[in-house]
Amino acid sequence: MHHATDNRPAEQRPAVLLAMGPGIAGRLLTDAHRARLAALARTDPHLVAHDLATPTPRVAAALAEAEVLFTCWGATPLTAAVLDRAPRLRAVVHAAGSVKHHVTDACWERGIAVTSAAAANALPVAEYTLATILLAGKRVLRAARRYAELRADHDWLSELDDSGNHRRTVGIVGASRIGRRVIELLRPFDVQVLLYDPYVTLGEAAALGAVPAGLDELCARADTVSIHAPQLPSTRHMIGAEQLALMPDGATLINTSRGSLVDEAALLRHLTTGRLNAVLDVTDPELPPPDSPLYTLPNVLLTPHIAGSLGNELHRMADQALDELERYVKGAPFEDPVRPSQLSRSA
């Protein structure tokens, strides 16, 4: 893809400051990304501000000049005090998903434009979800563990009689970017997709290729339930004791959203009896205590919050963020702006 560089004189290009946690910039930006950044903006691509609240003199000087902050995970919250040190700041370009950690009300009050690479970050989460839906339907985890135990010939046909992805019912909770992408990825497969999302109309659900359902109905009918709703006060424990009890024997719960959306104590009761299965990329607390049964239960696949961008997938977020920065430099609106009104309904 050919990217035009900005042909304004260098001194007229916007000053950009990288702001993110230690160790992130080296993984996020390739040499090609840094070269593109240097062509678009006035910046020191090797200066990364880890702390904007108590900045070093060098960071403080760069912050005072910055028109755009290029942020990623671990960015300092942009409080009024931080923004007071950044009088020229006009935009925040976030090369990751949610901006809730660092974009504060003070940013909106000052009219700062914000964009995020949530669309790029949604893709690996949806891919992880698709993979685990298919593995759950095929009972792969159970078969693998049993095989390791038995190490012998066995009547797998009988034992895995309840396995397979032919005409399974998959329940998607939340038509977020990720939820919608999962529905899209499920299209080639012979499954029925149920969707629970109070904001989605009948027509929208049909256009996505899903059948709308209430949450309880979805839990009662789906072989696999995958959670893609945002973490909000109203979604805490939305999958609670009642919903879990409705899930059929042998059903699988997949959570790549946030641990707080599931009543974990209630889930553990169903997991320890073996009635339900789970794929948990997130838990509540985020790191389960060392004695948590989640680590050892044979019917649980527990992963350390890796569904989102990892390894080379970070470069996709950098690409999207640099595309947005290029739009800003050219005076065009962001393609994927974040608005304060969306934050009450999104991750």
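This passage walks through a predicted model of one protein chain, from its overall make-up to single residues.

Residues are numbered from 1 along each chain as its sequence is written, and side-chain values use heavy atoms, with hydrogens and water left out. Because the model is predicted, local features need pLDDT of at least 70 and side-chain atom pairs count only at pLDDT 80 or more, while totals for chains, interfaces and linings use all residues.

Along its principal axes, the C-alpha trace spans about 75 × 45 × 40 Å. Of the 347 residues, 50% count as buried, where buried means under 20% relative accessible area, exposed means over 50%, and partly exposed lies in between (1.4 Å probe, protein chains only). The accessible surface comes to about 16500 Å², and carbon and sulfur atoms account for 55% of this surface; areas come from the Shrake-Rupley method with a 1.4 Å probe, and for residues only the protein chains shown count as cover.

Among contacts between residues at least 6 apart in sequence, 66% join residues at least 24 apart, a contact being heavy atoms within 4.5 Å.

The strands come next. Strand S4 (residues 91–94) runs parallel to S5 and is joined to S5 by four bridges. Within this pairing, His-94 has Ser-116 of S5 as its bridge partner.

A further open sheet, of seven strands, is ordered S8-S7-S6-S9-S10-S11-S12, again with parallel pairing. Its edge strands are S8 (211–212) and S12 (300–302), each of which pairs on one side only. Strand S6 (residues 168–173) and strand S9 (residues 224–227) are linked by four bridges in the parallel sense, and Gly-171 stands opposite Val-225 in S9.

Helix H6 (residues 118–137) has 20 residues and reaches 28 Å from its first C-alpha to its last, close to the expected 28 Å; the expected span is 1.5 Å times one less than the number of residues. H6 is mostly covered, with 14 of its 20 residues buried. Leu-123 is found in this helix and counts as partly exposed because its relative accessibility is 25%. Leaving aside residues up to four places away in sequence, Leu-123 touches Arg-181 and Arg-316. Leu-123 and Val-16 are 107 residues apart in sequence, and their C-alpha atoms are 27 Å apart in space.

Helix H14 has 16 residues and reaches 23 Å from first C-alpha to last, close to the 22 Å expected. Its buried residues include Leu-314, Met-317, Leu-322 and Tyr-328. Just after H14, Gly-331 takes a positive phi of about 80 degrees.

Some backbone details are worth a look. Most residues other than glycine have a negative phi, and most peptide bonds are trans. Arg-139, although not a glycine, has a positive phi of about 60 degrees. Arg-139 sits in the loop between H6 and helix H7 (140–150), and it counts as buried because its relative accessibility is 10%. His-305 is another residue other than glycine with a positive phi, near 55 degrees. The loop that holds His-305 runs between S12 and helix H14 (314–329), and at 33% relative accessibility His-305 counts as partly exposed. Finally, the peptide bond from Asp-284 to Pro-285 is cis, with omega near 5 degrees; Pro-285 lies in the loop between strand S11 (277–280) and S12.

Technical notes:
Pairing = 2+ DSSP bridges. Helix = DSSP H or I, 4+ residues; strand = E, 2+ residues; numbered from the N terminus.
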